[in-house]
Amino acid sequence: MASLDTLKQALLDKATTATASSSPGRPLTDAEYSHGFEILASAHGWARYHASVTPHLSELLTPLFDSRLRISVLEIAPDPKTILGSLPFPLKRKITRYNALVPNGLLAASLQECFSTADSPGPLPCLERPPAISRIAFGEAPDFRTCTDSDGDATTTTTTTTVDSNKKFDLILLYNHGLYGPTPNPNPDRALLQRALELLVEPNGLLVVLHREGLSLDGLVARRTVVLPSDGVFRATAAEWRNVCRALGGSSRRKEDRALVFRAPGMVLASFTRQAATALGELTAKVPPLLRRTEKPPPVVKNAEARLRCPAAIVRPTETWQMQECVRWALRHGVGLTVVGGGHSGHCLWPHVVAVDMGGWQGALLVKLGDEGEGGEGGEEEGGSGLRAHAFAASTTGDLVRTAMRSKLAVPLGARPSVGAGSWLQGGIGHLARLHGLSCDAVVGVKVVSLASGEIRSVGSLPGACQSVETDAESPSDSDLLWALKGAGPNFGILTDVGFKTYPAPTYLIRKWLVPLGDGIEVRRRLRDVGKLVVLELPRNCSADVCLYCHGDRLRLGVTMLETSTDKRSVETTSTASASMSAILGPQTSCTTVDGVGVFDTEMYVSEMQHGGGKTSSFKRSLFLKHLGEVDNNIADVLVAAIEARPTPLCYLHLAQGGGAVGDVSADATAFGCRDWDFACTIAGVWPRSQERLEIAQTTVDWVYKVAEELLPLSSGAYSADLGPDPRDAALAARAFGSNLSRLARLKREADPRNVLRYACPLPKAPMEPKLIVLVTGESGAGKDYCADVWACILTKQGFKARAVSISEATKREYAAATGADVGRLLRDRAYKEQHRPSLAAFWESQVQQRPRLPEEHFLNVVYAATDVTVLFITGMRDEAPVTAFSHLVPDSRLLDVRVQISEGASRTSQTDGTSGPIGGDSKESSATPAPAVDSDYRPSLVFHNDTAGDDAPIAFANKHLLPFLDSDLQRLADMVRSIPDFPRPGIEFRHVLDIAQHPSGLSLCTHLLERHFFSGHCHDVDKVVCCEAGGFVFAAALAPSLGASLVLIREAGKLPPPTVSVDISPSHISAASAASGSRPRKRAIEMDRDAVPWDASVLVVDDVLATGRTLCAVLRLLGEAGVAAENVSVMVVAEFPVHHGRVLLRRSGFGGVSVQSLLVFGGA
């Protein structure tokens, strides 16, 4: 079987021999050059190609586009449809100047035609002048002058549009074929890349290069790199190439022709800035490089994926200050790093990224208790040895086990002797897991290089001789950082040292059963029988490994039972568990006794499986499974189908038993949040290393992902140790940490604010806290867009990342496509938009009739496109009660609406003088005063009177009414609210709001914020503060004296003396949840003193939470029974839970016109 490299070299040799005397190095004709594009397009078309690249390109470009009002672009060797046209509209609308260099006349003409289509606005609808497209290769046009060119065999010449050579560009896109040009050239030209960098606008102009995987760019350092797997269109293109090669060779589809199989390379999307791209020399002048440029990776990298990648360099620090310099260098230049420890990670090397090799930090030792530094965990170890194990960054499991064994001790580490710290700090599932827990559970202290500053941080307990006096500010705190390192370590710092608990070294009795299997029915039965036995009967000192693999031509079930004991005599007797296993599988195949080092050689993969007599490469993903032995789930069916569909005979499935001490640790005690599982199932795709670059390698990887995808819905989580930045890992990573994911995301932002370790197991981006979404509503011509832009600008100047967008843009684009209207003018030309307004409104209504959830879809699309901002202003809302309608869709964000109003006279003035901003006098305070309810059915959060000229009024409004929602004190208050999982029943995460009162400063802080936020939205005094027991009593009693108001108590019926008024109240959602677990909530009534509130009093209702709204509705009905009008009532709650649709119930019950404000917003219960 020939590899792609073999094929390429053979064709090149043949071409060189044939043309050596006549036309050496003949450039391709335009027809030949464009033929490759035709192959790509014929497979699945440009649309699918763009769909695979655009999401990642958009992510790379968003920071640049957010920092610019206008973007100038130069594309070098673009495709005939330009991928920029596939960008989301909020991005591509900022592209106002477009230039392209196309080294092919046919492709240049196709690109020009793409921009010249009369019946559409073209791929970039907001260009301020026609695109400049030149038919010339980048390397052949030193001054970008107008050039003429012969079109293939034609004798006429054509002049193309000239690229502007006097200006630089915000964005340059350089594609793979543009790195070489039409003449043969084995490597990209470093000078060409350097020249592209020099054309960037400073600061932060961006060069994006899209090229095939495995290509070195001669030491250039990328700001960000994305590897796109060779699936979809790339795989389809490979098939088309094979057909072309067969046709050229004149061969038919005979069996022997199938040897012509090769792997289509993946694609790499890399972004560079001028400063960072060439900064490698600054680092290597201080830290010695182990690998640079095109040298092969050293043997320390064991992972097959990683070995195929071309990092910018590998450096090996040997001193602490050198490790610190690596981080500080990355921080200075805004680039990422990878870390090479044991070399098993598939992402320890990444294209155009500097890798930090920890090979200079090897060794393991034992230290006595009492030598630990300050703040460590004291006391005896569980085994009473008085010793702890200490390992350096490049130590392996084998190193540490052998060191401990010399003192007859053990450390619960992984099952492979060659793995290192990456495994330990992401879980570490080994032979002693059921007895002593995971590797991360045994960690007592860690020393890392801080990713926020490059300083050294020691957390937990480490030997004093190994600690550094350099410390970070506690952000995150030492306890938070240690918590995160124990389960998600590779995301939170570059490890230098780690300390472990030790236990007495056991003796292992290893029993094996090797059972040939028949059909699928037998396999399922055996798996279920073994699964049930292992879970129900094995004691903690026993664990079982189950393997499904191929032996010869037959499937085999291999079971290994490990029994541990510190008393050698006790393990030599026959156990009940082994007898039960023999009853199911027959007599055991072997039985041997080994120590902690010898146990590694008893692994089924090492001792029993056939590897074809040569070296192999592998790719693995692991998931956690439960209830394997139960008939009513189809886990066994999926496993059997998977092994039957294995792409090579070397692939296998390995199930390592969990439970025991693994489950004793609560899910939130460490970052490793997946604790409730019976087996860790590893899907191992294995192939001969000699076929590493062939199609079979990619097919095997695809098989692993396919099995993982099928098991994921049946699993209780995924194992993070294997996961990296591959887009296919995203779904697994989302299930890797259980309920700890949101906390990890927040700590990641604190510990690694510049995302230096961005190629580790992906964690979700924590939203900027607090996240504020402001819906700007109002009649046409009120100045909504102008106000939103001003407010976004003001908040940006205050240090918040703010953005204003229009939700109606999607509708305008759909309307233009349906009617032929000019979408560019609809978006930019106000007069043109007003001409189409009636038709646009009718079109929208018809769309909503066909798709009732369309408003929600548009809202979420806008929000999800702006997850990187702190404050999002959305204009173009058509809903009458937008906060009520949409707050449950963004339960972790605060949602407000501001109604912009303009008087009739001011509106006429605006129309006659052409102004688009605020107009009128200069009464700033009156313009910034929120109005009472606009109607009795709904009351907006705030109302802005846009009646004054200039920016003063909206600026004053932002400072007084919007900035308070971004007060850091709100986050302080939120941090006081404890989260309690599975209360009052499983599946509910309870937020204990009353915890605020138990903090020393909690109640005073809450009172201050309630008072500030109330007067931010109201300018009248309060006569009465009304509260309902019990939560409302706590906060209302503290607030009432501050407002100079008297307190009115609402209690359960029968607890107040007459005369009273009362109403029935439905059970709260917490009471209803308790009922679901067996206790039936009783109906009850609430009452208040009949004469406590005069009919004309100004009333403020204070409560601890707003969830379903049942309690608040009952309180408002009770006030109505007492004669208090709804327009005299306002509501303040400490915490709101939008997922329960409380505002929907209030509006449905006739209280939509009541002002309701909340200090905190939480998702969940």
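Hi everyone, and thanks for coming. Please keep in mind that we are looking at a predicted model. My topic is charged side chains.

How many salt bridges does a search of the whole structure find? The count is 36. I'll walk you through a few of them.

Let's begin with Glu809 and Arg93, which form a salt bridge with their closest N and O atoms 2.5 Å apart. Glu809 sits in helix α25, residues 809-819, while Arg93 belongs to the loop between α3 (89-92) and β2 (95-101), so this pair ties together parts that are 716 residues apart in sequence.

Next come Asp678 and Lys626, whose side chains meet in a salt bridge at 3.7 Å, N to O. Here we have two loops: Asp678 lies between α20 (661-664) and β27 (679-688), and Lys626 between β25 (616-625) and α19 (635-644), so the pair joins parts 52 residues apart in sequence. Asp678 is buried, with a relative accessible area of 11%, and Lys626 is partly exposed, at 24%.

Glu710 and Lys706 make a salt bridge of 2.7 Å, N to O. Both are found in helix α21, residues 695-711, and they are four residues apart, about one turn of the helix. Glu710 is partly exposed at 35% relative accessible area, and Lys706 is partly exposed too, at 49%.

There is also a group to point out: a network of salt bridges links Glu282, Lys286, Glu325 and Arg332.

Finally, here is the lysine I promised you. Lys833 is located in helix α27, which covers residues 830-850. Which side chain of opposite charge is nearest to Lys833, and how far away is it? That is Asp785, at 4.6 Å. Since a salt bridge needs the nitrogen within 4 Å of a carboxyl oxygen, Lys833 is left without one, although Lys833 is buried. What does Lys833 touch, leaving aside residues up to four places away in sequence? The answer is Lys812 and Leu826.

How values were computed. Residues numbered from 1 in each chain as written. Predicted model: local features only at pLDDT ≥ 70, side-chain atom pairs only at ≥ 80, totals over all residues. Heavy atoms only, no water. Buried < 20%, exposed > 50% of the residue type's maximum accessible area, 1.4 Å probe, protein only. Lys, Arg positive; Asp, Glu negative; His and termini not counted. Contact = heavy atoms within 4.5 Å.
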